[in-house]
Amino acid sequence: HLFKATNKDDNDKELSSVPLIYRSPTSSDILQCYEIEKSSYPSNEAASLSSLQYRQENALQYFQLCCCSDNKIIGFICGTRTNNFREECMTTHDPLGSLLAIHSVVVTQEYRRQGVATEMMKQYLEHAQQRQNDNNNISSIILLAKENLLGFYVKCGFRVNCPSPIMHGDDLWYELEKVIRCKKEETESWFCKTEQFKRPYLEVKPYLEEHKEWMVRLRNQEGRCITSGYRVDNQGKPGGGGLMFLAAKNYEEALSIVLQDPLIVNDCVEWTLNGWNSQIGDIELR
């Protein structure tokens, strides 16, 4: 069994109104996970009970359950770390592997087509990004998917690399990847945006929350190397204005990103965008 990710909640139509709770599985949860797995995949693609037990025991931090308010399991995502995108590397977990391979993305029949899989994946990717920020050295998240689900994973921030030579079941699979990074690429440069409020704080406040959500989306779903905050005085009081650093291929790309900032879209700030040339040392984001 390998890193197939045949999502059984494709074509999500609207987010379920049921509050979703995320947690790691205990050993007593695995049998129920296995039943969900069996009902979600063809028999020649489903993970075995022993495979799920292995992942719970050895890669617990990459095994995420999605539960409703009564703690009923309604879906899960699980993965392991490896250093190679090869079938033979997927039966074990390498805690130091640079690739996080997703094996299963499943939702029970009752909760499919309600946006649950999308929310599960969002939470899973944010968790993986946080582990990268904590110096866990995950460079990419990888998976295999069938053609009918490529659109779903692209919406989640993955790119389609190529048809996979790996044979699993009867259908053609595609290799997908989402790069996770904290350093700019060699083809990119640093840019710096400074800003000052031009409207009263209470008018700006709602757009600050939108700004934060936008930043999280850029970092976790689009893989952007970007950070923002605000300057304070010697007593920690704000008033110095906002500051953003981002990596982009050129000024035009940086400007196109900055112009999406809700604070700019809603005319909350006076701002300036400049390139940044490091003279001593360099910038690294977490």
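Q: Which strands and helix each supply at least two residues of the lining of the largest pocket?
A: In this predicted model, strand S8 (189–197), helix H5 (201–220), strand S9 (226–232) and S10 each do so.

Q: Which residues lie nearest the centre of the largest pocket, and how many residues line it?
A: The lining has 22 residues, and Phe197, Leu208, Gly229, Tyr230 and Gly242 are those nearest the centre. The space in this pocket comes to about 520 Å³.

Q: How do the residues of the pocket lining divide into nonpolar, polar and charged?
A: Nine are nonpolar, eight are polar and five are charged.

Q: Let's turn to the rings. Why is the pair of Phe152 and Tyr153 called edge-to-face?
A: The ring centres of Phe152 and Tyr153 are 4.9 Å apart and the planes meet at 80°. The structure holds six aromatic pairs. Phe152 and Tyr153 also belong to one aromatic cluster with Phe158.

Q: What makes Phe152 and Tyr153 count as buried?
A: Buried means under 20% relative accessible area. Phe152 has 9%, so Phe152 counts as buried. Tyr153 has 0%, so Tyr153 counts as buried too.

Q: How do you know that Phe245 and Trp276 form an edge-to-face pair?
A: Their rings are 5.4 Å apart, centre to centre, with 90° between the planes.

Q: Why can the pair of Phe245 and Trp276 be said to tie together parts of the sequence?
A: Phe245 sits in strand S10 (residues 238–248), while Trp276 sits in strand S11 (residues 269–276), so the pair links parts that are 31 residues apart in sequence.

Q: Now for a helix. Which residues of helix H1 (residues 30–40) are buried?
A: They are Ile30, Cys33, Ile36, Glu37 and Ser40.

Q: What do the buried residues of H1 pack against?
A: They pack against helix H2 (49–58), and against strand S2 (63–67), strand S3 (73–82) and strand S4 (99–107).

How values were computed. Residues are numbered from 1 along each chain as its sequence is written. This is a predicted model: local features need pLDDT of at least 70, side-chain atom pairs count only at pLDDT 80 or more; totals for chains, interfaces and linings use all residues. Side-chain values use heavy atoms; hydrogens and water are left out. Rings of Phe, Tyr and Trp (its six-membered ring) pair if their centres lie within 6.5 Å; planes under 30 degrees apart count as stacked, over 60 as edge-to-face and the rest as tilted. Buried means under 20% relative accessible area, exposed over 50%, partly exposed in between (1.4 Å probe, protein chains only). Helices (H or I, at least four residues) and strands (E, at least two) are DSSP runs, numbered from the N terminus. On a 1 Å grid over the protein atoms alone, a cavity is a set of points where a 1.4 Å probe fits but cannot get out, and a pocket is an open set with protein on both sides within 12 Å along at least five of seven lines; lining residues have an atom within 4 Å of a point. Grid points are joined across faces, edges and corners, and a volume is the space filled by probe spheres set on the points. Ala, Val, Leu, Ile, Met, Phe, Trp, Tyr, Cys and Pro count as nonpolar, Asp, Glu, Lys and Arg as charged, and the others, Gly among them, as polar. Contact means heavy atoms within 4.5 Å.
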